[in-house]
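Trainee: I'm new to this one. Could you walk me through it, one question at a time?
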Amino acid sequence: GSSEIAIETVRKLVAGRCRKVVLAVRTPANVEAVIAEFTKAGASAEAVAFDAADTAAHQALISEIFTTHGDFDCVLSAFGVLGVQEEMDDDPTMAADVAHVNFTGQVSALTACAAELTRQGHGTIVVLSSVAGERVRKDNPVYGATKAGLDAFAQGLGDRVRAAGVNVMIVTRLCAHPHDRRARGSTFRDNRRGGGIRHCRRPPQGIARCVVSRRAALGVHGTA
């Protein structure tokens, strides 16, 4: 995805030792400036079209990316839609569409990525989630429920792939709305034994630094 935290994280990885970046986004033209920035910084960077709702296409797309570019040390999953709960109250189809993108789309894409990382025998998946999933509230039950489901799936996936040398880190953003700057920060969980939870109450740039630092502690570097 092209989330603020995800882009900041990749920016900091490229400033380090990351030399290969593939952004899977809905509209590649929208990230041309970011791709140019990463390329200028010395990375091989490109954007590919990715439709979170088109789960039937996920496996082929992700397999093609890994086949074309080789091993990846890190996969950042950062996509989803907030939706307007008042509109979804009267439109079950809209509610189902939000759930499909935010949960089913994530399950599909993460499963495909986990399979590729398992085959290569190493790597980290970073899942950007939301505090909205920790206690689903009445103002956004659909969105919150999808994030709760995503957290649960990512935790189980992390336990499943740990033995294969793959780590899963869940970053829970401490604000439910992407433009709410009053309570920015994140908590971090990973699937290492004793990995625990780390709190990081910082703006996106600071959260990105926490992600990179935590990822380094997992022992991975080089490509994202």
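Trainee: Is L13 buried or exposed?
Mentor: Keep in mind that we're looking at a predicted model. L13 sits in helix α1. Residues under 20% relative accessible area count as buried, and L13 comes in at 5%, so the word for L13 is buried.

Trainee: What share of the contacts between residues at least 6 apart in sequence joins residues at least 24 apart?
Mentor: We're counting over the protein chain here, which has 224 residues. Of its contacts between residues at least 6 apart in sequence, the share that joins residues at least 24 apart is 61%.

Trainee: In what order do the helices and strands come?
Mentor: The protein chain has 7 helices and 7 strands. Read from the N terminus on, they run α-β-α-β-α-β-α-α-β-α-β-β-β-α.

Trainee: How are α1 and α2 oriented to each other?
Mentor: Helix α1 covers residues 4–15 and helix α2 covers residues 32–40, and their axes come within 10 Å. Those axes cross at roughly 15 degrees, and angles under 35 degrees count as roughly parallel. α1 passes α2 in a right-handed crossing. The two helices are therefore roughly parallel.

Trainee: How many charged residues are in the contact of α1 with α2?
Mentor: On the α1 side you'll find I7, V10, R11 and V14, and they meet V34, E37 and F38 in α2. Sorted by kind, the contact has 5 nonpolar residues and no polar ones, and the number of charged residues is 2.

Trainee: Which element gives the most residues to the largest nonpolar core?
Mentor: That core has 27 residues, and those with the most contacts inside it are I125, V127 and V168. The elements giving two or more residues to it are α3 (58–69), α5 (92–120), β4 (123–130), α6 (141–161) and β5 (166–173). With 7 residues, the top contributor is α5.

Trainee: How many residues are in the other core, the one with V10 and L23?
Mentor: In soluble globular proteins, nonpolar side chains tend to be buried together. Here another core lies apart from the largest one, and its members include V10, L13, V14 and L23. L13 was our buried residue from helix α1. The size of this other core is 14 residues.

Trainee: How are α5 and α6 oriented to each other?
Mentor: Their axes are 9 Å apart, and the helices pack at an angle of about 15 degrees. α5 passes α6 in a right-handed crossing. With the cut-off for roughly parallel at under 35 degrees, α5 and α6 are therefore roughly parallel.

Trainee: How many nonpolar residues are in the contact of α5 with α6?
Mentor: α5 brings residues including A95, V98, F103 and L110, while those from α6 include V142, L150, F153 and V161. The contact also has 6 polar residues and no charged ones, and the number of nonpolar residues is 13.

Trainee: Which residues does S108 touch, leaving out those up to four places away in sequence?
Mentor: S108 is in helix α5. At 19% relative accessibility, S108 counts as buried, since the cut-off is under 20%. Leaving out residues up to four places away in sequence, S108 touches T55 and H58.

Key
Residues are numbered from 1 along each chain as its sequence is written. This is a predicted model: local features need pLDDT of at least 70, side-chain atom pairs count only at pLDDT 80 or more; totals for chains, interfaces and linings use all residues. Side-chain values use heavy atoms; hydrogens and water are left out. Axes are lines fitted to C-alpha atoms, for helices over the stretch in contact, and angles run from 0 to 180 degrees between N-to-C directions. Helices (H or I, at least four residues) and strands (E, at least two) are DSSP runs, numbered from the N terminus. Angles under 35 degrees count as roughly parallel, over 145 as roughly antiparallel, 65 to 115 as roughly perpendicular and the rest as oblique. A crossing is left-handed if the near helix is turned anticlockwise from the far one by less than a right angle, and right-handed if clockwise. Contact means heavy atoms within 4.5 Å. Ala, Val, Leu, Ile, Met, Phe, Trp, Tyr, Cys and Pro count as nonpolar, Asp, Glu, Lys and Arg as charged, and the others, Gly among them, as polar. A nonpolar core is a set of buried Ala, Val, Leu, Ile, Met, Phe, Trp, Tyr and Cys residues joined through side-chain atoms within 4.5 Å. Buried means under 20% relative accessible area, exposed over 50%, partly exposed in between (1.4 Å probe, protein chains only).
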